Amino acid sequence: QVQLVESGGGLVQAGGSLRLSCAASGSILSISAMGWYRQAPGKQRELVAHITSGGSINYADSVKGRFTISRDNAKNTVYLQMNSLKPEDTAVYYCNARALTSGSRYYADYWGQGTQVTVSS
């Protein structure tokens with residue numbers, strides 16, 4: 001019902017920057033929130049940044065001041081600008097959207113396939 005397509009991952013040296021994008025498509029009536037999560041090998045998936053349709057934002061403490069999340073509501077797209085990257089930022093980054101789709105009564109969570117971010121030291 002909802003497809004999330006991520007792009008922008010890759011390999012970068014420590015101190016470098018990457019910009020992730022995630023576009024949502026499908027039978028979407030409304031998206032209340034979008035966000036980015038990450039999962040490093042052997043670790044649980046964790047929230048990186050989250051933005052509501054009204055523009056409220058929260059970040060994980062580990063990325064505050066380095067990452068910026070933004071959203072284009074008209075395009076159902078969310079971005080993550082990542083600066084001053086560190087080796088510990090290496091992970092698979094997943095896009096999330098909480099969306100209401102046609103034929104549904106409730107919002108549900110949808111996930112992208114993930115994009116690898118690797119930061120070399």
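Guide: Start at Trp111, which is partly exposed, with a relative accessible area of 38%. Keep in mind that this is a predicted model.

Visitor: How many aromatic pairs does the count come to?

Guide: The count comes to one aromatic pair. Tyr37 and Trp111 form it, and the pair is edge-to-face.

Visitor: Which quantities describe a pair of aromatic rings?

Guide: Two are used: the distance of the centres and the angle of the planes. For Tyr37 and Trp111, the centres are 5.0 Å apart and the planes make 65 degrees. Planes over 60 degrees apart count as edge-to-face.

Visitor: Where do Tyr37 and Trp111 lie in the chain?

Guide: Tyr37 is in strand E4 (residues 28-39), and Trp111 is in strand E10. They are 74 residues apart, so read this pair as a link between distant parts of the chain.

Visitor: Which charged end sits over the ring of Trp111?

Guide: That of Arg45, 4.7 Å from the ring centre. The charged end of Arg45 also sits over the ring of Tyr94, 3.7 Å from its centre.

Visitor: Now the sheets. How do strands of a sheet pair?

Guide: They pair through backbone hydrogen bonds, either parallel or antiparallel. Here, take the open sheet of four strands, in the order E1-E3-E8-E7. Its pairing is antiparallel.

Visitor: Which are the edge strands?

Guide: Strand E1 (2-7) and E7. Each pairs on one side only. From one strand to the next, the twist averages 15 degrees.

Visitor: How many bridges join E7 to strand E8?

Guide: Six, and the two strands run antiparallel. E8 covers residues 77-82. Thr68 stands opposite Gln81 in E8. Ser70 has Tyr79 as its bridge partner there.

Visitor: Which residues of E7 are on the covered face, and which on the uncovered one?

Guide: E7 spans residues 67-72. Phe67, Ile69 and Arg71 make up the covered face. Thr68, Ser70 and Asp72 make up the uncovered one.

Visitor: What does Arg71 touch, beyond residues up to four places away in sequence?

Guide: Its contacts include Ile31, Ser32, Ala33 and Met34. Ile51, Thr52 and Ser53 are also among them, as are Thr77 and Val78. Trp111 is 40 residues from Arg71 along the chain, and their C-alpha atoms are separated by 16 Å.

Visitor: Where is Ser84 found?

Guide: In the loop between E8 and E9. Ser84 also has a positive phi of about 50 degrees and is not a glycine. Ser84 is partly exposed, with a relative accessible area of 41%.

Visitor: Last, the salt bridges. How many does the structure hold?

Guide: Five. One of them joins the side chains of Asp61 and Lys64, at 3.1 Å from N to O. Both Asp61 and Lys64 are exposed.

Visitor: Which side chain does Asp89 meet in a salt bridge?

Guide: That of Arg66, at 2.7 Å from N to O. Asp89 lies in the loop between E8 and strand E9 (91-101), and Arg66 in the loop between strand E6 (57-59) and E7. The pair therefore ties together parts that are 23 residues apart in sequence. Asp89 is buried, with a relative accessible area of 1%. Arg66 is buried too, at 10%.

Visitor: Which residue forms a salt bridge with Arg98?

Guide: Asp109, with the closest N and O atoms 2.8 Å apart. Arg98 lies in strand E9 and Asp109 in strand E10 (residues 108-111), so the pair ties together parts that are eleven residues apart in sequence. Arg98 counts as partly exposed, at 41% relative accessibility. Asp109 is partly exposed, at 38%.

Visitor: Which residues do salt bridges with shared partners join into one network?

Guide: Arg38, Glu46, Arg66 and Asp89.

Terms used:
Residues numbered from 1 in each chain as written. Predicted model: local features only at pLDDT ≥ 70, side-chain atom pairs only at ≥ 80, totals over all residues. Heavy atoms only, no water. Buried < 20%, exposed > 50% of the residue type's maximum accessible area, 1.4 Å probe, protein only. Pairing = 2+ DSSP bridges. Salt bridge = Lys/Arg side-chain N within 4 Å of Asp/Glu carboxyl O. Phe/Tyr/Trp six-rings, centres within 6.5 Å; stacked < 30°, edge-to-face > 60°. Lys NZ or Arg CZ within 6 Å of the ring centre and 35° of its normal. Axes fitted to C-alpha atoms, helices over the stretch in contact; angles between N-to-C directions. Contact = heavy atoms within 4.5 Å.
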